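The following exercises concern one protein chain and the surroundings of a single residue. Please inspect the sequence and the structure before reading the solutions.

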Amino acid sequence: MDAFTGSGLKRKFDDVDVGSSVSNSDDEISSSDSADSCDSLNPPTTASFTPTSILKRQKQLRRKNVRFDQVTVYYFARRQGFTSVPSQGGSSLGMAQRHNSVRSYTLCEFAQEQEVNHREILREHLKEEKLHAKKMKRAKIVKLHFPCTEDDDRPV
């Protein structure tokens, strides 16, 4: 790689003459003197072909959009993972080597499925919060009815 950078093969755009056939490279194939010579490197001299520089070309307006029409979801069984250590301790989770089922959706179906899953998760969180609130309320009632001394945890 140092051979390329040290040999001065890179030139600035200002140094390049678009119409010039002179080259600084010793490895370039030289064109023959005959006017009839024609190959991929030496175009025929009868045609007036003037190559345009890549750098001088205006950027073409191309649509760079990617469109999807289908979503494929692969389902994997859970396994114990061995490549990481959970920050809160316990066992790390991984997944099986191969999927156990596959389901394809259209984009509309997938969006609806995601919405249903999201609502289900929110319902589960709400149930857990209500259960936690009931437990705290019971603990408060028990503490009021059975006060404990600070030295031990037995009711007085």
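**Exercise 1: polar contacts of Ser 92**

Identify the backbone oxygens that the side chain of Ser 92 reaches.

Solution. The side chain of Ser 92 reaches the backbone oxygen of Ser 84 at 3.4 Å. A polar atom of that side chain also lies 2.6 Å from the backbone oxygen of Gly 81. A polar contact is a pair of N or O atoms within 3.5 Å; within protein, one must be able to donate a hydrogen and the other to accept it, and residues adjacent in sequence count only if both atoms are side-chain atoms.

The model is predicted: local features need pLDDT of at least 70, side-chain atom pairs count only at pLDDT 80 or more, and totals for chains, interfaces and linings use all residues. Residues are numbered from 1 along each chain as its sequence is written, and side-chain values use heavy atoms, leaving out hydrogens and water.

**Exercise 2: location and burial**

Locate Ser 92 and decide whether Ser 92 is buried or exposed.

Solution. Step one: Ser 92 sits in the loop between strand 2 (78-80) and strand 3 (93-95), strands being DSSP runs of E with at least two residues, numbered from the N terminus. Step two: Ser 92 counts as buried because its relative accessibility is 7%, where buried means under 20% relative accessible area and exposed over 50%, with partly exposed in between (1.4 Å probe, protein chains only). Step three: buried residues make up 5% of the 156 residues in the chain.

Definitions and conventions:
Helices (H or I, at least four residues) and strands (E, at least two) are DSSP runs, numbered from the N terminus.
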